[in-house]
Amino acid sequence: MEQTQRIDPNQIPDPNRTQAMPGGTDPNRTQAMPVGAPTGPPLTLQITQGRSVTLAHGVSRERVLFELIATGAMTGGRAPLNLCLVIDKSGSMEGEPLEYVKRACAYVVDLLTDRDVLSIVTFEEIVEVLMPPRRVLNKELIKQNIQRLQVGNTTNLYDGLSLGLQQLAAGKQPGYLDRLVLFSDGEPTAGIKDFSAITQLAGGAKERSIPINALGFGPDYNEELIAGIARRSGGKYHYIDRPERIPEVFRDDLEKMMNVVARSPRLELQLARWVQIRQAFGAEMNLASRTATLSMVDLERGARLTPLIEFDFPNHPAGSYRAAKAKLAYVNPVTEAEETITADLIFEFTTDAAKASLPEDARVAGEAQVAIASRALEKTIMGMKTHQLNPTMALHELQKTQQILLQQGRTAEASEIGKAIGDLQRQDMSSVEKTLIGAALDLEQGKKQE
């Protein structure tokens, strides 16, 4: 067994608080600060071990909660936006849907300042640039051009997204947050219609730090595709059951865009040779050699991300050992600088079975319950799609999942499931699946609003 990573317990009075901030009261919790950062960082990392003591000389399994907390202490004001609106104006958008989209876009224009850059792309069979990237100077003229939009024919979604991303590239400037918002109510019927090609385009947007917020509305759009665009890009998905909700939902999204304090956060864990990761929740994980990298969505002021990792420790001797070095890296959107937070993850291995079997930390256990609820929701959605669950069985599963989420304070997701339960009882199956996919994506991304 490797001894080079062993920590002398006499040198560390509390192995779980090697980088703890003063004033902490929870022995299982580490609060790490950015290296060399000024006081009041925009983001802090809090690590909570399910149990800080685990059993030696046997196979043990422990869960650890990594909380990324947006403190809101960002200096210098918000980062300006480089925003592109991509608007579906195919024939199915005629009437209320397009009128409410116009209203939402006009609201966006009113909220933006002359520091922000806006571009607008429209698509039907033909894809056009209604407005190339421009500073928001003449708001009335921009809104007049939006009001002139008329519906067309078929739906060329792929080229609409592609042209929108091109506008963002043309308007890109240092210190700006690049964002794309998609409004659509249909299935691709022109241009490239392949699911994987469209979601791959969204994945490329994520590599360029461009989340796509996708708003789908009406009964006919492909919820798996619209949600897939949001998921692959690290953006948000919304099902708009009534067109009049479009301005309300988009207003909330825009306010969050304006309050981003950490862009492209990623957590890197350099694992000791004897450590294995069994699974991770609340983030996309990539494991290469002995480094696990968790990629997460952008974080706005007042929100937190809660990835949970389950570790396996096979047959380790007694003593205090560092299981992993943790490094959280993110881009400060105001300064454009990458900032880092570091911490050590240390466990004590004991031969005292009673000491090693103490109850798991309540917060860790609670987040584990949320992870279980998330997986249960995914299974319910799949069961409904494949008709392995009838409506009565699906209703029972959704009620159980909703109760778990309510117990853990995930009221937003529980509310969405409650709406789906009501739709299920009314036998509105299309709305049920569209709503549940949104709740499942929120849980998968692991973001919690305070």
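User: Why is Gly204 called partly exposed?

Analyst: In this predicted model, Gly204 has a relative accessible area of 24%. Buried means under 20% and exposed means over 50%, so a value of 24% lies in between and Gly204 counts as partly exposed. Gly204 is placed in helix α4, residues 195-207.

User: What makes Gln445 count as buried?

Analyst: The relative accessibility of Gln445 is 11%. Since buried means under 20%, Gln445 is buried. Gln445 belongs to helix α11. Leaving out residues up to four places away in sequence, Gln445 touches Gly234, Gly235, Lys236, Gly282, Val297 and Leu305.

User: How do you know whether Thr380 is buried or exposed?

Analyst: Thr380 has 1% relative accessibility, and the limit for buried is under 20%, so Thr380 is buried. Thr380 is part of helix α8, which covers residues 362-385. Beyond neighbours within four places in sequence, Thr380 is in contact with Leu389, Ala394, Glu397 and Leu398. Thr380 and Leu436 are 56 residues apart along the chain, and their C-alpha atoms are separated by 9.2 Å.

User: Why is α10 called roughly antiparallel to α11?

Analyst: Helix α10 (residues 411-425) and helix α11 (residues 429-445) have axes that cross at roughly 165° and come within 8 Å. Angles over 145 degrees count as roughly antiparallel, so α10 is roughly antiparallel to α11. Their crossing is left-handed. On the α10 side, the contact includes Glu413, Ile417 and Leu424, and on the α11 side it includes Met429, Val432 and Leu443. The residues of this contact divide into eight nonpolar, two polar and five charged.

User: What makes α1 and α6 roughly parallel to each other?

Analyst: The angle between helix α1 (residues 96-111) and helix α6 (residues 246-257) is about 30°, and their axes are 9 Å apart. Angles under 35 degrees count as roughly parallel, and α1 and α6 are therefore roughly parallel to each other. The crossing of these two helices is right-handed. Among the residues that meet are Tyr100, Val101 and Leu111 in α1, and Ile246, Phe250 and Leu254 in α6. The contact of α1 with α6 comprises eleven nonpolar, no polar and three charged residues.

User: Which residues touch the most other members of the largest nonpolar core?

Analyst: The largest nonpolar core has 48 residues, and those touching the most other members are Leu161, Leu180, Leu182, Ile229, Tyr237, Leu377 and Leu436. Helix α11 supplies the largest share of this core, seven residues. Apart from this core lies another, of 40 residues, among them Ala283, Val297, Tyr321 and Ala324. In soluble globular proteins, nonpolar side chains tend to be buried together.

Key. Residues are numbered from 1 along each chain as its sequence is written. This is a predicted model: local features need pLDDT of at least 70, side-chain atom pairs count only at pLDDT 80 or more; totals for chains, interfaces and linings use all residues. Side-chain values use heavy atoms; hydrogens and water are left out. Axes are lines fitted to C-alpha atoms, for helices over the stretch in contact, and angles run from 0 to 180 degrees between N-to-C directions. Helices (H or I, at least four residues) and strands (E, at least two) are DSSP runs, numbered from the N terminus. Angles under 35 degrees count as roughly parallel, over 145 as roughly antiparallel, 65 to 115 as roughly perpendicular and the rest as oblique. A crossing is left-handed if the near helix is turned anticlockwise from the far one by less than a right angle, and right-handed if clockwise. Contact means heavy atoms within 4.5 Å. Ala, Val, Leu, Ile, Met, Phe, Trp, Tyr, Cys and Pro count as nonpolar, Asp, Glu, Lys and Arg as charged, and the others, Gly among them, as polar. A nonpolar core is a set of buried Ala, Val, Leu, Ile, Met, Phe, Trp, Tyr and Cys residues joined through side-chain atoms within 4.5 Å. Buried means under 20% relative accessible area, exposed over 50%, partly exposed in between (1.4 Å probe, protein chains only).
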